[in-house]
Amino acid sequence: MTNIIGFPGLGMTLTVNRVAFTVFGKDIYWYALCILTGYLAGMAFVTATCKKRGVEPDNIFDICFYGLIFGLIGARIYYCIFDWDSIGGFWGIFRIWEGGIAIYGSLIGAILSTYVYCRIKKLKVLKVFDVCVPGLFIGQIIGRWGNFFNAEVYGRETDCLLRMTINGGAGVHPLFLYEGLWNLAGLILLLIFRDRKRTDGQPFFFYVFWYGLGRLFLEGMRQSEYILYVIPGVLGISQVVAFLGIILGAAGMIYLQKYSQKTA
C-alpha cells in the first residue's frame, strides 16, 4: 500500500502509504481522512460566516448533516449507474468500502437534500446556497488530496514542470493538484465578489459554472481507466455533466443579473 510519488520538475520524491493508521485491526485510509477533513473545514467556515448573511448556524448544521448522508448516497448511486459491471451485481451497490464513489453524485445528492430542507423550513433557497458554496469549494480543495495518497485519478503522460511519477513510471498530469488550484482560484474570486452580488443565487451559479468549466477540461486529460463513459472510449459522463453545469451556471448568472436590473 506504499507508493513512491515523485515530482521531478520540482525535485521532490515522497514515500506515501495509503493507510494513515490502524484502529482495532481496521485500516484507516488517508483518502477517507482527506474527505472528512474537507467536509469539516467547509462546514466550519460556513458556520462561522452564515449568521452575518442571514442564515442561522443551527440550519447549517442540519444542512451539513443531511448533505453528508445524501451526498454519500448520491455519490455511490452515480458511480454504480455508470460503472455497473465493476460492482458485481445489485448487492455490490452496498459494498461501498470496496471503493467507488463520484463527486458529481455527491454534489447532486447534497444540493437536492439542501433544497428540500429549505422548502420544509421555509428558508430562502438561493440565499442558503450562496452561504454554503464556499464550503463546497473548501471541501473539494482538501478532499482531492485523497487521490494523491491513493496514487490514482491522474492524467496522461507529460513532461511539464508539475508532472508526477508513480513508482518510477512516466510523468503524468497530477489532476488532483490542477483541480485543487482551480477550485482555490474559484474560492478566492467567490469570496472577493460575493458581497457585491445584486441578488441571491449569483454566487451559487458562479460555483456551478466555474467547477463545470474546470472539470470539462480536466476530464479530457484523465487516463481512460478513470473515466465513467456514456459512450465507451468516446464520451465520459462527467464531461457531459460538466458541460451542462457550464450552461446552467452561465444561464443562471445572466438571468439573475437581468432580473436584478428589472427590479432595481
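Let's start with arginine 144, which counts as buried at 13% relative accessibility. Buried here means under 20% relative accessible area, exposed over 50%, partly exposed in between, with a 1.4 Å probe and protein chains only. Its partner is glutamate 179, and the closest N and O atoms of this salt bridge are 3.2 Å apart. A salt bridge is a side-chain nitrogen of Lys or Arg within 4 Å of a carboxyl oxygen of Asp or Glu. Glutamate 179 is buried too, at 5%.

A word on the source. This is a predicted model, where local features need pLDDT of at least 70, side-chain atom pairs count only at pLDDT 80 or more, and totals for chains, interfaces and linings use all residues. Residues are numbered from 1 along each chain as its sequence is written, and side-chain values use heavy atoms, without hydrogens and water.

How many salt bridges are there by this rule? Seven. In another one, aspartate 130 meets lysine 197 at 2.8 Å, N to O. Aspartate 130 is buried, at 4%. Lysine 197 is partly exposed, at 30%. Shared partners join Asp130, Lys197 and Asp200 into one network.

Now the nonpolar cores. A core is a set of buried Ala, Val, Leu, Ile, Met, Phe, Trp, Tyr and Cys residues joined through side-chain atoms within 4.5 Å. The largest has 38 residues. Which residues have the most contacts inside it? Ile60, Phe137 and Tyr207. A second, separate core has 13 residues, including Tyr154 and Ile166.

Back to lysine 51, our last stop. Lysine 51 is exposed, at 58%. Lysine 51 pairs with glutamate 56 in a salt bridge, at 4.0 Å. Glutamate 56 is partly exposed, at 40%.
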